[in-house]
Amino acid sequence: MTNPDIHIAVVDDDESLCRSMSRLLRAANFWPTAYTSAEDFLADEGHSNYDCIVLDIQLEGMSGLELHEKLVTKGIDTPVIFITAHDAPEVRTQAESAGCAGYFRKTDSGSAVLSAIRGATSGHKS
Amino acid sequence: MNWMTVIWPMMIAACLTLALINLRIAMGDVRRLPHVFFFFSALAVAAVTAMELAILRAQTVEEVNLWLRWSSVPLVVMVSCVTGFVGSFFRTGKAWLAVSGNCLMASAEAANFLSDTPAVRHATGLQQVETFGGVWFTKPDVVEGPWSPVEIAGVALVIGFVLEASRTLWRAGGQKRAVIVGGSIAFFFLFSRGHAIMVERGIVQTPYFVGFAFLAVLVAMGHELSDEVFRAAQLSRDLSESERRMDLAAHAAKLGFWTWDLKSDEIWANETARELFEVPANEKVDFSRFMLAVHPEDRDGVQKAVEEALAGGLAYEREYRTMLNHAGNRWIAARGRVELGPGGKPVLMRGVLMDITAQKQSEYELQQLRGQLAHAGRVSMMGQLASALAHELNQPLGAILRNAEAAELFMQADVPNLEEVRAIIADIRKDDQRAGDVIDRLRALLKRRDIESRSVSVVQLLDEVLALIRADAAARGVKLTVSCDSDIPSVRGDRVHLQQVLINLIINAMDALSDTCTPERKVTVSADASKTGFVEVTVSDNGQGIPPEKLQNVFDPFFTTKPHGMGMGLPISRTIIEAHGGKITAGNHKNGGAVFRFTLPVDEQQEV
C-alpha cells in the first residue's frame, strides 16, 4: 500500500502533535509538511498544491475554520480534514456545514484519520 | 519660777521637736535637702535660745561673754542653713549673694568666736532689770567691735539673697510661698538684728528676742514644708487610689502585670499573671520558672525577644503559648519594657500579659474559613476551565496516540526504521510528562490547603497561569498576551492562591469579551515593579469596561453581572490579595475595557 505522490499539509499549533501526525503520515507513506499556524501555511507559496490538509480548528491567530473559509473563497478546493482537541457540538456543526472531508478529535485513532485521508485523496486524484 | 524660765525652755523644746520631725522626713523623702537645712536651722535656733536664756540668768560678765562668744556658732549655722533652705526649696536665687553674705557673716562670727578683744559683741558690765510681771533679768552692757559692720553687711546680703529669690519665685507663680517664707525671713532677720542692736545700745530695756524672731522664721519655713508633706501624702493617697482602680481594671480586663528584677532574678507578678501561669501566690518566680511554663517550641523565641530587649532594643513584645497542667496550651501576648539604671545598665523589666487564646482561635477559624472559601472558588473556577483543560490534556494524549500508531506502522516494515522509533519513544515520554504536569497543576488548584507564605517568582507565576488558561483563551478566540520583565523581583505569598486570583481575573476579562463584537478580543496581563516594595500586576481587556456606577460594587460578595455567576470570584480574590498584604482595584481603561490591578509586597529576602 503506497501513496508515493500524495502531499499532505498538517497545520497544528501544538508542535508535538504536528510532529506525531507527520510521523504517522510518513509511516503510511504520505508526504507530510507541517505548519504551526494558519498564517505560516498561507505564507507558503505552494499552499494550493496539497492533496489534503489536516487542519487543527483552535489555532492561535487565524483559526482552522477561518483558514478553510479563506481557501474556499480563493477557489482552492483541497479536501480538508478537521482535527480538534475541543470537541463541542457547535464546533462540529460549523465544521460540517463548512464542508469537510472529515472531523476528528485529537484523541481519535490515527488509523481512522488515515483512512479518511485515503478516502479524500483517492477522490481528489481521480 | 517665772514666765521667763517657762517660755524660753518651751521655745527650745518646740525647736527640737520641729528639728526631729524634719530629720525623720528628710530620711524618707526624695527631696530631702530643704528638710536637712530645716533640721540644722531648728537645732541652731534651739541653741541660740538656750544661750539667750543663759545670758538672762547670768551672774557675771565672764559668763555673759562666754555665751556671747559661743552664740557665733549657732548664728552662722542658722544663717547659712536658712540661705541653703531658700536656695533648695525655691530652686532659685543668686549664688553670689548667698556666698558673699555667708562669707562675711562667717568671718565676722569667727572673729567674735576666736578673738579675746571685742570683735562683734562684748559685754562690759551687767545690769539687773525688771520687766513686766515683776521679773528681774540680767542685761549685759554690750559694746560693738570692729567686725560688727561686717556682720551687719553679711546679714544684709543674705536678706538681699532671700528677697531676690522670693521675687524670682513670685514671678514664676509661687506668690504665696515667696511671701510666707521669703517675707518672714527678711522681716524677722531685720527685726532680730535691729532689736539686738537696740538692746545692746540700751535703747530698749528688754531681753534679747533673737530666739523668738528665729522661731518665727522656723514656723514660716515649717509651714511651707509641711504643705509639701501634705501634698506628698495626698499624692500617695491618690496613687494608692489609682493603683486600686488600676488593679480593678486589670482584673476586669484580665491583664497580668509583671516586674522582673534583673539583679535578684526575681519576678513579681500580680494575681492575674499568676493565674495565667498557674503559679500559686506564695511561690517565688524567677526567669527559669517562667520559662518552664512556656511551651517548649516557643521558648527559643521568647528567650531571643528578651535578649534583644536587654541588649538595647528595650521594648519587648511577643506572642507565645504556655503549657500548663490544668489549662493546657494557652496563647499569651506579652509586652514589656526594660528600665535602665543610672549607669545605663538594665535593672528591671516591667510589662503586661494577656490571654489571647480565644482571639487566636477565632483568627485560626477565620483563616480556615477563608481557605475553604478560596478552595470553593477554585473548584468553581476549575468547572469553568474544565473543557479548556480537557483540551490541554488532549494535546499530549493525542500526540502519544499518533506516535504509538506511527511506531506500529514503522515496526511492520521489512526493515523497521529504528531511528524513527527511538525518536517516537522519546516524544511519547515528553508528552507523558506534559500530561502529568497538567494534572499536577490541576491537583494543586483543587487541593484544599492553608495559605502559605513563600517566595514566588512572578515570571514563573505568570507562566503557570498562562499554561492553565491558554487553551480556554484559544477556544474563546481571545488573544492573551503576557508582558513582564525577566528581572522583576519575587513576591512573598502562596503560589496557588495567587494563580487563583490571576485565573479569576483573566476568566472575568474573557467573559467580558464574549458578548462584544470587538473584532480582535484581547486580554493583556502585565507585571511591573515601579512602586517601591511592591509588584503590580495588571489584567486588562478591550471590552466594554465596567459601568462607572457599578465600579464600587464589583468586589462585593454576590455582586455579579453574569447570568450564571455566583459573585464570589472577586471577593475571594480581594480576600486573598489582602491576606498577602496587597491591594486590588478595579477601573476602566481610557481607551475602553476594564483594568484590574493588584499589588503584592516584594519578597525582601530575595531582592538583592
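## Chain A at a glance

Of the 126 residues in chain A, 48% are buried. This is a predicted model, so treat everything here as a look at what the predictor built. Chain A carries 5 helices and 5 strands, and reading from the N terminus they come in the order β-α-β-α-β-α-β-α-β-α. If you take the contacts in chain A between residues at least 6 apart in sequence, 59% of them link residues at least 24 apart.

## A covered strand in chain A

Have a look at β4(A), which spans residues 80-84. The strand is mostly covered, with 5 of its 5 residues buried. A:V80, A:F82 and A:T84 point one way from the strand, A:I81 and A:I83 point the other way, and all are buried.

Next to β4(A) you'll find β3(A), residues 52-56, running parallel and joined to β4(A) by 4 bridges. One pair to pick out in the viewer is A:L55 with its bridge partner A:F82. A:F82 also belongs to the set that points the same way as A:V80 and A:T84.

## How confident is the predictor?

For the complex, the predictor reports an ipTM of 0.89 and a pTM of 0.47. Chain B has a mean pLDDT of 85, and 96% of its residues come in at 70 or more.

## Where the chains meet

The contact draws 23 residues from chain B and 20 residues from chain A. On the chain B side, the elements giving two or more residues are α12, α13 (418-446) and α14 (458-476). The biggest giver is α12(B), with 15 residues.

The largest nonpolar core has 71 residues, and B:C15, B:A42, B:V45 and B:F214 have the most contacts inside it. Helix α2(B), residues 33-56, gives the most to this core, with 16 residues. Take B:V45 and skip its neighbours within four places in sequence: the residue is in contact with B:C15, B:M78, B:G211, B:F214, B:L215 and B:L218.

There's also a second, separate core of 48 residues, which includes B:V458, B:V491, B:L502 and B:A594.

## The open sheet in chain B

Chain B has an open sheet of 5 strands in the order β4-β3-β7-β6-β5, with antiparallel pairing. At the edges stand β4(B) (266-269) and β5(B) (315-324); each has a single partner strand, so one side of each is left without a neighbour in the sheet. From one strand to the next, the twist averages 25°.

The partner of β5(B) is β6(B), residues 328-340: the two run antiparallel and are joined by 10 bridges. Within that pairing, B:M323 has B:N329 as its bridge partner. Helix α11(B) (residues 296-313) packs on the sheet, touching β5, β6 and β7 (346-355) of chain B. The direction of α11(B) makes about 155° with that of β5(B).

Conventions. Residues are numbered from 1 along each chain as its sequence is written. Chains are lettered from A and ligands numbered from 1 in the order in which they are written. This is a predicted model: local features need pLDDT of at least 70, side-chain atom pairs count only at pLDDT 80 or more; totals for chains, interfaces and linings use all residues. pLDDT is the predictor's confidence in each residue, from 0 to 100. Two residues are in contact if their C-beta atoms, placed from the backbone, lie within 7 Å. A nonpolar core is a set of buried Ala, Val, Leu, Ile, Met, Phe, Trp, Tyr and Cys residues joined through C-beta atoms within 7 Å. A residue is buried if 20 or more other C-beta atoms lie within 10 Å of its own, exposed if 12 or fewer, and partly exposed in between; C-beta atoms are placed from the backbone. Two strands pair if DSSP finds at least two bridges between them. Axes are lines fitted to C-alpha atoms, for helices over the stretch in contact, and angles run from 0 to 180 degrees between N-to-C directions.
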